Amino acid sequence: MFKKNFLVRQIKAIGQNAALLGDTDDLESFLFETPRQALVAISANLRRVVDSRCFYCGGHVHEADVDHFVPFSLYPRDLIHNFVFAHTTCNRSKSDTLAALMHVENWRAYIDRHDDDLRKIALTVGRPADLTGSLAARVGGTATR
Ligand SMILES: [Zn+2]
């Protein structure tokens, strides 16, 4: 989080950027969030990888959300390993809270099982794949791979 804020401040502090940026407050979003079009592509690819099954409840998903497993508010980087395919309702019920321990264990198994597929999706949609960074984002966790 500190690095992101530092980078945004540095970009805004460069005098030549002021004319380009104006009074915009969405520089962070522009720099760090995945465009809607990419999320749609990620969702379609994740649906195929997980056979339309919800990450949280395992049920068949018709209307899906692509969820940040570690909430974006806590770890604002859109790493492909941090996205999971889920029911809209399961995603909403989790909201911005940290997933239960059971889900953390399931997430680790999920990224181990689908690492190759997730990296291919990242290449397809032009988003970063950083397994080590994703694992390190777990609160209280450390990267072990
Ligand atoms: Zn579900």
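**Exercise 1.** State whether Asp51 is buried or exposed.

Solution. Asp51 has 9 other C-beta atoms within 10 Å, so it is exposed. The scale, with C-beta atoms placed from the backbone, is: buried at 20 or more other C-beta atoms within 10 Å, exposed at 12 or fewer, partly exposed in between. The structure is a predicted model, in which local features need pLDDT of at least 70, side-chain atom pairs count only at pLDDT 80 or more, and totals for chains, interfaces and linings use all residues. Residues are numbered from 1 along each chain as its sequence is written.

**Exercise 2.** Describe the place and phi of Asp51, then treat Ser52 likewise.

Solution. Asp51 lies in the loop between helix H4 (36-49) and strand S1 (64-68). Helices (H or I, at least four residues) and strands (E, at least two) are DSSP runs, numbered from the N terminus. Phi of Asp51 is near 55°, positive although the residue is not glycine. Ser52 is in the loop between H4 and S1, and its phi is about 65°, again in a non-glycine residue. Ser52 has 14 C-beta neighbours inside 10 Å, so it is partly exposed.

**Exercise 3.** How are the axes of H4 and H6 placed?

Solution. The axes of H4 and helix H6 (residues 101-125) come within 10 Å and cross at roughly 155°. Axes are lines fitted to C-alpha atoms, for helices over the stretch in contact, and angles run from 0 to 180 degrees between N-to-C directions. H4 is therefore roughly antiparallel to H6, a term for angles over 145 degrees.

Note on methods. Parallel < 35°, antiparallel > 145°, perpendicular 65-115°, else oblique.
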